[in-house]
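Good morning, and thank you for joining the group meeting. I would ask you to look at the sequence and the structure while I describe them.

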Amino acid sequence: MSGGALPGLPPADMLLVLAVILPLFGLLPLLLLGSRLAERLTLLVLAAGLAVALGIGAEVAAAGQAATAFIGGWRPPLGVGLRADGLSAVMLVMTAVVLCATGLYAMTGPATPRAAGERMPTAFWMLLLCVWSALNLVFVAEDLFTLYVALELLTFAAVPLVCLDGKEGQIEAALRYLVFALFGSVLYLLGTVLIYALYGTLDIILAARRASVSPGLVVALAAMTAGMMAKAALFPLHLWLPPAHSGAPPAASAMLSAVVIKAPIFLLVRFWLDLAPESLAVKVGPILAGLGAAAILMCSLVALAQHRLKLLIAYSTAAQIGYLFLMFPLAAAASAWSALAWTGGALHLASHAFSKAAMFMAAGLIAEAVGHDRIKGLTGLGRALPVSVAAFGLGGLSLMGLPPAGGFVAKVMLLSAAVHLGNWWIALVILIGGLLAGGYVLRVVVPALQRPAAPLALRPVAGWREWVALALALVAVGLGFVPLEPSAYLAIGRPASWAEGAP
Amino acid sequence: MSLAFDALLCLLALLAALRAVAAGEGFSRVAAFMAYGLILGLVWVRLAAVDVALTEVAVGSGVTGLVLLRAVARDDAPAPLAAGLAYRLLAGVVALLVFAGLAAVVLLLPEPAPSLAPEVARHLPATDLGNPITAVLIVFRALDTLLETVVLLLALIGVWALSPDRTWAGRPAVLLPAPWSGALEFLARLVVPVGVLVGLYMFWAGADVPGGAFQGGAVLAAMALMAIAAGLLPRPVLARRRLRALLLAGPFGFLLVGVLGWVFADAFLAYPPGVEKAVIILVEAAITLSIAVTLALLVLGPPVAEETE
C-alpha cells in the first residue's frame with residue numbers, strides 16, 4: 001500500500017476500493033434485518049460513502065496526481081487497475097452528493113410507504129446502493145472487462161427502479177429500457193473482445209499505448225460507442241428514456257436522470273479522449289456533436305409539447321445530454337481552447353446532475369401535493385408550494401443557461417471554445433437550445449407564479465423533503481461561481497498513464 | 001474424421017439456431033434453443049475451451065432454458081408477435097450483414113492473436129492452482145468475479161421487486177402445475193443424489209481441472225429445482241433469514257476475504273501467502289453455494305403466495 005498524501009486519511013488505494021465495495025455492505029442489513037433499523041444503517045452507509053468520495057477528492061488534490069489501486073496487488077495487463085484522476089474524483093463526489101440527497105428525500109417519502117409493506121423500501125435501498133457501487137466502479141476502473149461488469153451491475157440496478165411502483169405501463173417501460181441497455185452491453189462487449197484480440201490487453205492505458213488506426217479498432221470503437229449511445233439515450237436511441245424516467249418513483253427518477261445516465265457518457269469520454277488515437281477522435285467528434293445537436297433541437301421541441309410535468313423533465317434530460325456530445329469535437333481538437341471546452345463539458349455534466357435531481361424531486365412533491373402532474377393544473381402553485389416551485393425554477397434556470405447558474409458558465413465555456421475553434425454551428429445550437437429550454441421551463445414556472453383561478457386543494461407534503469430538492473438546485477446554481485477558465489483540477493492525471501503512484 | 005465431425009456439429013448448430021428463431025409454437029422453439037446450447041457446448045469442447053463448454057451447457061442452455069420454458073408455459077403469456085414476411089426478410093438481411101461484418105473483422109485480426117495466456121502461465125505457480133481459468137477468475141481478476149456474484153444477487157432482487165406488496169415475504173409460484181404421477185418423484189430420488197455429487201465434484205475439481213463455482217452451482221441449482229418440482233423439498237419462504245444468509249454467503253464471504261487481504265497480505269483481494277489454495281477453495285465453496293441458491297430462486301421467480309399458505 002502506498003501511503004496517503006494526507007495525514008489522517010486512509011491510503012488512496014484503499015479509498016478507491018472502498019468507493020466500490022462500501023455501498024455493497026449496506027445489502028447485508030437490508031436482506032437480513034429488513035426493517036426500520038436497516039434503513040437507518042443504510043443512511044450510515046450513505047454518509048460513509050460520501051466521506052470516501054470526499055476523501056478521494058482531497059487526496060487527488062493534495063497529491064496533484066491520480067490515485068491508483070491494483071486489485072490483489074496484480075498490475076495490468078494481468079491484473080485490474082483502478083485509477084481516479086481529477087475528472088473521476090469530480091464524478092465520484094457529484095454522485096455521492098446526489099445519491100445522499102436522494103436517500104434523504106426517499107426516507108419519508110412515497111418511495112417508503114410503511115403501510116404498503118416492506119417490498120418497496122427494501123428493494124429501493126438495495127437498488128440505490130448497487131447503483132452507487134456500479135457508478136463508482138465506472139468512474140475508477142481502467143479495465144474494459146471490469147467496466148463491462150460495472151455496466152451490468154448498473155443495468156440490473158437501474159431497470160427494476162423504473163417499475164418499483166408496480167403500476168400499469170411501468171413494466172413495459174422497464175422492459176424497453178432493459179432491451180436498449182442489454183443491446184448496449186452486447187455491443188460494448190463485442191468492442192472489448194475486438195480490442196483484446198488486437199492488442200492483447202483489456203487495460204485502457206496499455207491498449208491506448210498500442211492503438212493505431214486500423215479497421216478492427218474502428219469497428220471496436222464504433223460498436224462500443226453505439227452501445228453507450230443506447231445506454232445514454234442519445235438521439236435517435238432516446239425512445240426508451242421518457243417513459244422510463246417519468247414513470248419511475250420520483251426518488252428513482254432523480255437518480256436515473258441525474259447520475260445513471262452519466263455513466264455511459266463518462267465512458268464515451270474515456271474511449272475517445274483516452275483510448276482512441278487522436279487522428280480518429282478528430283474525425284468522429286463532429287459526428288457525435290451532430291447527433292448531440294439533433295438531440296438538443298428535437299427533444300427540446302418535444303419537451304415543449306408535453307402535457308405532464310415528469311414527461312417534460314424526462315424529455316429535457318434527453319435534450320440536455322446533447323450538450324455533452326457537443327464537447328467531443330471541441331475537446332479533441334489540439335488547441336488551447338479545447339481545455340476550456342473540456343471544463344465546460346464537465347461542468348455541464350455536474351450542474352445538470354444537480355438541477356435535474358432537484359427538478360424530479362420537486363415534480364414528485366408537486367404530484368404528491370396536487371394529486372396529478374398535468375402542467376395545466378399547476379397555475380398558482382407558487383403560493384402553495386413555494387419551496388418546491390423554487391427548486392424546480394432554480395434547476396430550470398441552470399438548464400436554460402441563465403446567469404449565475406452552473407449551466408450558464410458551462411455554456412459560456414462551450415460557446416467560447418466553439419467560436420474560437422471556428423465551429424459556428426455548435427455555438428448556434430447552444431444558443432437555440434438555451435432558448436428552447438427557457439420555453440419549456442417557463443411554461444411551468446410562469447403559470448405557477450400567477451394567482452390561481454380557484455383555490456388549490458393540496459395534500460400536505462413533508463417540508464424538509466422540499467428543502468432537499470431546493471438544496472440540490474442551489475448547488476447547481478452555486479456551480480456558476482466556479483472561475484471561467486480551464487480547471488486545473490480536471491487536468492490532474494491527464495493524459496492517463498500508470499507511471500504515477502507506482503508502488 | 002474430426003473434420004467431418006466438426007462439419008456435422010456446425011450443421012447441427014445452424015439447424016438448431018434456425019429452429020429457435022423460426023416461426024412456431026413457443027415451447028418447441030425454447031426446446032430448440034436448449035438443444036442449440038448443448039451443441040454449442042460441444043463446439044467449445046472441440047475448441048479446447050472445456051470451462052466455457054461447461055458454463056454454456058449449465059447456465060446458457062440449462063438454467064436459461066428453464067426460465068424460458070416457465071415463461072412460455074404461463075397461461076397469461078402474450079401471443080407471439082405476428083411478424084410479416086417483409087419484416088422477417090428485413091431482419092434476416094440485417095442479421096446477414098452483421099454476420100458478414102463480424103466475419104470480415106475477425107479475418108482482419110492479427111495472426112497470431114496477442115494473448116495474456118503466457119503471462120497467466122508464468123504466474124500460475126504463485127497461485128498454487130492447476131486450472132489457469134480458475135486462477136484468472138479467482139486471483140488475477142478476482143474483482144470481476146466478486147462483482148459478478150453481486151450482479152447475480154441483484155438480478156434476484158430485481159425479480160423479487162416485481163412481486164405484489166403483500167407477498168414480498170412469501171413463497172414463489174408452484175414449479176409444475178400438479179405432479180401427475182409418481183414418475184417424477186421416482187426420477188428425482190434417482191437423479192438428485194447423483195446430480196448433487198456431480199455438482200460438488202465440478203466445484204471441487206475446478207481448482208485444478210475444468211470446472212468451478214458457476215458450473216457446479218448451476219448443477220446443484222438444477223437438482224434443488226428437481227427436488228422441489230417432485231415435492232421432495234417445500235417451496236422456500238423467501239423472507240427466511242437462513243435462506244437469505246445462503247444467498248449472501250458467496251458475495252460477502254468473498255468480500256470479507258478481500259478486505260482481510262489488507263490485513264494478511266498487502267492489497268485488497270490478495271490472498272495470504274502460504275494458505276492461498278485453502279482460502280481460495282473456501283471462497284469457491286461459498287460462491288458455489290450462493291450461486292446454486294440464487295439460480296434456483298431465479299428460476300422459481302418472484303414470491304406470489306403468502307407465507308401462510
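Let me begin with a definition: two residues are in contact if their C-beta atoms, placed from the backbone, lie within 7 Å. What we have on the screen is a predicted model. With that definition, consider chain B: among contacts between residues at least 6 apart in sequence, 73% join residues at least 24 apart.

I shall stay with chain B for a moment. Its secondary structure comes to eleven helices and two strands. Read along the sequence, the pattern of chain B is α-α-α-α-α-α-α-β-α-α-α-α-β. The C-alpha trace of chain B spans about 60 × 60 × 35 Å along its principal axes. Chain B has 309 residues, and 38% of them count as buried.

Next, the interface. How many residues of chain B are in contact with chain A? There are 45 of them, and they meet 42 residues of chain A. On the side of chain B, the elements giving two or more residues are α4 (85–108), α5 (117–127), α6 (132–140), α7 (142–160) and α10 (241–264). Helix α7(B) provides the largest share, twelve residues. By class, this side of chain B has 31 nonpolar, five polar and nine charged residues.

I turn to confidence in chain A. Its mean pLDDT is 89, and 96% of its residues reach 70 or more. Where pLDDT is low, the predicted coordinates should not be read in detail.

Now to the packing of helices. The axes of helix α6 (residues 144–162) and helix α11 (residues 250–260) of chain A come within 9 Å and cross at roughly 145 degrees. The crossing of α6(A) and α11(A) is left-handed. Which residues meet there? From α6(A) come L154(A), A158(A) and L161(A), and from α11(A) come A252(A), M255(A), L256(A) and V260(A). The residues of this contact divide into seven nonpolar, no polar and no charged.

L154(A) itself, leaving aside its neighbours within four places in sequence, is in contact with V131(A), A134(A), L135(A), V138(A), V260(A) and A263(A).

Is L217(A) buried or exposed? L217(A) is buried, because 22 other C-beta atoms lie within 10 Å, and the cut-off for burial is 20 or more. Not counting residues up to four places away in sequence, L217(A) touches L198(A) and A211(A). The C-alpha atoms of L217(A) and K262(A), 45 residues apart along the chain, are separated by 24 Å.

Thank you for your attention; I am glad to take questions.

Definitions and conventions. Residues are numbered from 1 along each chain as its sequence is written. Chains are lettered from A and ligands numbered from 1 in the order in which they are written. This is a predicted model: local features need pLDDT of at least 70, side-chain atom pairs count only at pLDDT 80 or more; totals for chains, interfaces and linings use all residues. Axes are lines fitted to C-alpha atoms, for helices over the stretch in contact, and angles run from 0 to 180 degrees between N-to-C directions. Helices (H or I, at least four residues) and strands (E, at least two) are DSSP runs, numbered from the N terminus. A crossing is left-handed if the near helix is turned anticlockwise from the far one by less than a right angle, and right-handed if clockwise. Ala, Val, Leu, Ile, Met, Phe, Trp, Tyr, Cys and Pro count as nonpolar, Asp, Glu, Lys and Arg as charged, and the others, Gly among them, as polar. A residue is buried if 20 or more other C-beta atoms lie within 10 Å of its own, exposed if 12 or fewer, and partly exposed in between; C-beta atoms are placed from the backbone. pLDDT is the predictor's confidence in each residue, from 0 to 100.
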